[in-house]
Amino acid sequence: MQAETPIVLVHGLWHGSWCWSLVAEELASRGLSSVAVDLDGHGLKHRPAHLTWSDPAAVATTPSRLAGLTASSAAATLVRQITRIGDGRPCLVVAHSMGGIVATAAAELAPELFAGLVYVAAHAPVSGQPSDTYRARDEGAGDTVPQLFAADPAVVGSFRIDLGRRDLVRSTFYHDVDPETADAAIALLSPEAPAGFSAEAVQVSAARYGSIPHGYVLCTQDYAVPIALQRLFVKEIDEISARPTTVTEFESSHSPFLSRPAELAEAIATFPASQQDS
């Protein structure tokens, strides 16, 4: 990894920049600089609805303050973040879960800012179909995230989840994470996330998105983005890209940044595109 290539770490839904802390430490131990960002509607940009969670009717019907956020608007924000972090130089962008939707849109918007794009158990909707349609496919079978929904996304405008169902949250996201770390992560999750990210059909082109190097970290024990769906995303990325996707496979849950931070950092550090001068 060239020190001149900044690394930008992008989280998934309900998470925030905090989830990359262990990986950032591992990257720093390798002499690599990284910055984890908060996507629109997440982390310090989260705008929770004022809910009384003991009132199921209110939880099921109160409009979300995140309604209206889209992958396109979040991608524009991410492009501004990448520009600041890299001071205009190309960055290696690493995106987890549905943060991959935003990163995909950002790569099409500003491919010159991407030294590469590495997905980690992520949605990478490059076929022109919204991510919501992928979750309904046979490859999406086994996704337990909808079991966490406390409201219909079409009604409230967000993916509002019941964090009180701790066992299901743990099994969905963190089943191979040590219990104390998993408990800490659950306490940091936001209870809702923009439904608009996965409802939008992101359009990409071979000339722009397809021109940058791509990588994918497959997580074979993932119950949020099932492995068959991850492999489908890799296949479709390859169909539009100038070069094959660099694939790494972990026998892990949806959250290797918590269960296998050293190995994930090594996969990021050895991504072939990161060996090129920026």
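The legends below describe close-up views of a predicted model.

Residues are numbered from 1 along each chain as its sequence is written, and side-chain values use heavy atoms, with hydrogens and water left out. In this predicted model, local features need pLDDT of at least 70 and side-chain atom pairs count only at pLDDT 80 or more, whereas totals for chains, interfaces and linings use all residues.

**View 1. The protein chain as a whole, with 12 helices and 8 strands.**
Helices (H or I, at least four residues) and strands (E, at least two) are DSSP runs, numbered from the N terminus. The radius of gyration is 17 Å, which agrees with the value near 19 Å that a compact globule of 278 residues would have; the radius is taken over C-alpha atoms, and the globule rule is 2.2 Å times the number of residues to the power 0.38. Along the principal axes, the C-alpha atoms of the protein chain fill a box of roughly 55 × 40 × 35 Å. Of the 278 residues, 55% count as buried, where buried means under 20% relative accessible area, exposed over 50% and partly exposed in between (1.4 Å probe, protein chains only). Among contacts (heavy atoms within 4.5 Å) with a separation of 6 or more, 76% come from residues 24 or more positions apart.

**View 2. The largest nonpolar core and the surroundings of Y174.**
A nonpolar core is a set of buried Ala, Val, Leu, Ile, Met, Phe, Trp, Tyr and Cys residues joined through side-chain atoms within 4.5 Å. The largest such core holds 83 residues, of which L117 and Y174 touch the most other members. Once neighbours within four places in sequence are left aside, the contacts of Y174 include H15, W18, V169, I186 and L258, and S253 and S255 are also among them. In soluble globular proteins, nonpolar side chains tend to be buried together.

**View 3. Helix α4, residues 99-109, and the elements packed around its buried residues.**
This helix is mostly covered, with 10 of its 11 residues buried; among them are G99, G100, I101, V102 and E108. The buried residues of α4 pack against the strands β1 (7-10), β3 (91-96) and β4 (114-120), and also against the helices α3 (71-86), α5 (131-135) and α9 (196-199).

**View 4. T77 in helix α3.**
T77 counts as buried because its relative accessibility is 11%. Leaving aside neighbours within four places in sequence, T77 is in contact with D40 and K45.

**View 5. A262 in helix α12, residues 261-269.**
With a relative accessible area of 31%, A262 is partly exposed. The C-alpha atoms of A262 and S29 are separated by 9.8 Å, although these residues are 233 residues apart along the chain. Apart from neighbours within four places in sequence, A262 is in contact with E26 and R30.

**View 6. D87 and S97, two residues other than glycine with positive phi.**
Most residues other than glycine have a negative phi. D87, in the loop between α3 and β3, has a phi near 50°, and at 68% relative accessibility D87 counts as exposed. S97, in the loop between β3 and α4, has a phi near 55°, and with a relative accessible area of 10% S97 is buried.
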